[in-house]
Structures are given as C-alpha cells and as structure tokens.
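Me: I have a fold open on my screen and I'd like to learn how to read it. Could you walk me through it?

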Amino acid sequence: MFIDPALSRNQALRHRSISHGPRDPSRRLLRQVRALAGPDAVLLRHSENLWLSATFLGARHCLAFGFEGLQAIEQGEQFIAVLPDHEFAITGWLVADAAIVAVDHELSPFPRLRVEADLLLLEEG
C-alpha cells in the first residue's frame, strides 16, 4: 500500500490556524464581525480552517450568532443586510468573501433569530 506523505502534510495543514500572536488577523476579523453584529448578538459558534490555493493563503471562518428579543432581532436583520458588502479593515489581509449562509427565525416561546455566516480571509500580496 502506498501512502503519499504530501497528502498527510496537506491534511495536517488544513486544521492549522493563521494566528500571528497579538496582531492575529483571525482575532481582528472576529472582533470586527462581532461589532458589526451588534451588542446584543451572542456568538454561538466559531470555527476556523486553513484555506490554501496555488496563490493564496488564508482561512475560512464559520460563525453562528444568536439574537434574542425584538431589539436584538433588529440588530440581527441589520447584520444580515450589511455583512456581504462590509469593508473590513485588517492590515495585510483581505476578506475575499462574506456571506450569510443560514437564517432561522423563531417566535415561540420568545422571538429569536439565529444567523450563520462564512467569511474567507486571505493574506494580501
């Protein structure tokens, strides 16, 4: 049986982070997305997977936010509207794609909104 060592390295790379200490672009992205979601947004889930192509290095971020109550739902609806076109300010990095991938509204037992977003963060240059 033949096992390609390059395949094993690529698999290990897929689960690494692009963190760089205190100026970590992933942390800066997360702070900016949380600010954009609003003060009543609750981060339910965040995952980061290394993203590689022949010319780019970056990470795919998957986030889920919860919004409970009418005021929070208004913030969530605003977040849905502005995220795809938002210009993020992360020196040396570019958000190449920002998309809302799922939205779930519930009215009972109380009003709440769940929003899932995917963002692709790439190193510039």
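Reply: Let's go through the sheet, then the helices, then a single residue. This is a predicted model, where local features need pLDDT of at least 70, side-chain atom pairs count only at pLDDT 80 or more, and totals for chains, interfaces and linings use all residues. Residues are numbered from 1 along each chain as its sequence is written, and side-chain values use heavy atoms, with hydrogens and water left out.

Me: In what order do the strands of the sheet come?

Reply: Helices (H or I, at least four residues) and strands (E, at least two) are DSSP runs, numbered from the N terminus. Two strands pair if DSSP finds at least two bridges between them. Here four strands make an open sheet ordered 1-2-4-3, with antiparallel pairing. Strand 1 (42-52) and strand 3 sit at the edges, each pairing on one side only. From one strand to the next, the twist averages 15°.

Me: How many bridges join strand 3 to strand 4?

Reply: Twelve, and the two strands run antiparallel. They form a hairpin with five residues between them. Trp93, for instance, has Glu123 of strand 4 as its bridge partner. Strand 4 (residues 112-123) also pairs with strand 2 (residues 57-68), over eleven antiparallel bridges. There, Gly58 stands opposite Leu122 of strand 4.

Me: Which strands does helix 2 touch?

Reply: Contact means heavy atoms within 4.5 Å. Helix 2 packs on the sheet and touches strand 1, strand 2, strand 3 and strand 4, its direction making about 30° with that of strand 2. Axes are lines fitted to C-alpha atoms, for helices over the stretch in contact, and angles run from 0 to 180 degrees between N-to-C directions.

Me: At what angle do helix 2 and helix 3 pack?

Reply: About 125°, with the axes of helix 2 (residues 25-37) and helix 3 (residues 70-82) 8 Å apart. That makes helix 2 oblique to helix 3; under 35 degrees counts as roughly parallel, over 145 as roughly antiparallel, 65 to 115 as roughly perpendicular and the rest as oblique. Helix 2 contributes Val33, Leu36 and Ala37 to the contact, and helix 3 contributes Gln75, Phe79 and Val82.

Me: Is Leu83 buried or exposed?

Reply: Buried means under 20% relative accessible area, exposed over 50%, and partly exposed in between (1.4 Å probe, protein chains only). Leu83 has 0%, so this residue is buried. Leu83 lies in the loop between helix 3 and strand 3 (93-106). Beyond its neighbours within four places in sequence, Leu83 has contacts including Leu36, Phe88, Ala98 and Leu119. The C-alpha atoms of Leu83 and Ala98 are 6.5 Å apart, with the two residues 15 apart along the chain.
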